[in-house]
Amino acid sequence: MRWINYALLLAIGVIWGSQFFFVEIVIADVPPLTLAACKALLGAGSLGVIFFFIKGNSRQSLPRTSSKLWLSYFWIALFEAVIPFFLIGWGQLRINSSLSAILMGTVPIFTIILAAIFVPKEKINTLKWISVVCGFIGILVLIVPDLSFSAVESNIWGALALLGAALSFAGSLILINRLPAVSPLLAMRNVLAIAAALLIPLAFIFENPVDVHVRGQQSIALIVLGVFHAGVVYMLYNMLIHRSGAVFASLNNYLVPLFGVILGTFFLNEHLTSLDILSLFIIFISLGIGGIHFRKKNVS
């Protein structure tokens with residue numbers, strides 16, 4: 001049913017849109033790799049608990065080509081969790097949560113480009129290319145004004161880190177779309193488990209997780225980030241990708257800036273400039289243009 005796709009899209013947008021608010025609470029005391037490792041570990045654990053109670057149905061979906069599938073899980077874990085988890089945490093040390101949310105709205109733009117290159121069946125028409133150009137104009141409006149100020153060089157690097165995370169997420173979309181008919185719960189549990197296995201050693205090599213101390217509010221934020229923003233939401237994400245395709249699923253990232261900005265403005269006392277707001281509207285316009293083709297496709 002088509003309304004289920006839109007419900008999943010909205011739910012994913014709400015969950016991921018709020019992640020920047022929770023990251024902002026903990027990022028000052030929890031280093032990026034340690035934060036990424038915690039999210040992956042808690043996410044895998046939460047999905048593992050859910051899978052334990054419904055494993056009878058899930059096991060029926062286990063594919064036979066397990067070795068090839070585990071390799072796919074590894075690459076998805078790298079591009080969906082390891083790289084973006086670190087880049088988002090590192091980037092938010094340099095830019096605020098509202099701008100982070102806006103930059104993550106570029107995932108659909110990157111997805112369209114990657115789909116045109118790596119998915120021959122995905123036809124990229126004129127409207128989609130207009131959507132891509134429009135979205136990049138929005139990003140240029142956001143970043144270019146800061147390029148002439150050396151004092152905000154760290155902000156530029158923070159913005160580039162978030163764009164790198166968006167590109168990584170787009171790549172993982174293409175890979176998830178190629179997965180066979182596996183239980184979304186089982187698939188993302190395995191992906192996050194691999195991500196945790198990669199991130200935990202990196203955290204101990206480059207940081208010192210043992211010395212990290214969090215307060216009560218930060219502990220709650222970490223649990224929410226792991227269980228919902230890295231666990232439940234990835235299960236929903238996998239479901240949506242296989243129901244509607246990578247390009248439509250990526251459109252949830254256009255909802256991310258909306259909820260990210262709302263939370264950042266009302267709860268973190270952050271302020272957007274007029275150029276930031278203009279950038280946000282331009283990106284939303286690219287969403288509208290990109291969605292025209294999807295609606296026509298469903299009508300026909």
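Is W75 buried, partly exposed or exposed? In this predicted model, W75 has a relative accessible area of 40%, and it therefore counts as partly exposed. F79, with a relative accessible area of 29%, is partly exposed as well. W75 and F79 form an aromatic pair, with 6.3 Å from centre to centre and 25° between the planes, and the pair is described as stacked. Because they are four residues apart in helix α4, about one helical turn separates W75 from F79.

The structure holds six aromatic pairs, and another of them joins W16 and F169, whose rings are tilted, at 6.1 Å centre to centre and with 40° between the planes. W16 belongs to helix α1 (residues 2-17) and F169 to helix α8 (residues 153-177), so this pair ties together parts that are 153 residues apart in sequence. W16 is buried, at a relative accessible area of 5%, and F169 is buried too, at 6%. W16 and F169 also belong to one aromatic cluster with Y234 and Y237.

Helix α4 (residues 66-91) leads on to a further contact, for it packs with helix α9 (residues 184-206) at an angle of about 60°, the axes being 8 Å apart. The two helices, α4 and α9, are therefore oblique to each other, and their crossing is right-handed. On the α4 side the contact includes W70, Y73, F74 and F85, while on the α9 side it includes N190, V191, L198 and L199. Of the residues in this contact of α4 with α9, 15 are nonpolar, one is polar and none is charged.

Conventions:
Residues are numbered from 1 along each chain as its sequence is written. This is a predicted model: local features need pLDDT of at least 70, side-chain atom pairs count only at pLDDT 80 or more; totals for chains, interfaces and linings use all residues. Side-chain values use heavy atoms; hydrogens and water are left out. Axes are lines fitted to C-alpha atoms, for helices over the stretch in contact, and angles run from 0 to 180 degrees between N-to-C directions. Angles under 35 degrees count as roughly parallel, over 145 as roughly antiparallel, 65 to 115 as roughly perpendicular and the rest as oblique. A crossing is left-handed if the near helix is turned anticlockwise from the far one by less than a right angle, and right-handed if clockwise. Contact means heavy atoms within 4.5 Å. Ala, Val, Leu, Ile, Met, Phe, Trp, Tyr, Cys and Pro count as nonpolar, Asp, Glu, Lys and Arg as charged, and the others, Gly among them, as polar. Rings of Phe, Tyr and Trp (its six-membered ring) pair if their centres lie within 6.5 Å; planes under 30 degrees apart count as stacked, over 60 as edge-to-face and the rest as tilted. Buried means under 20% relative accessible area, exposed over 50%, partly exposed in between (1.4 Å probe, protein chains only).
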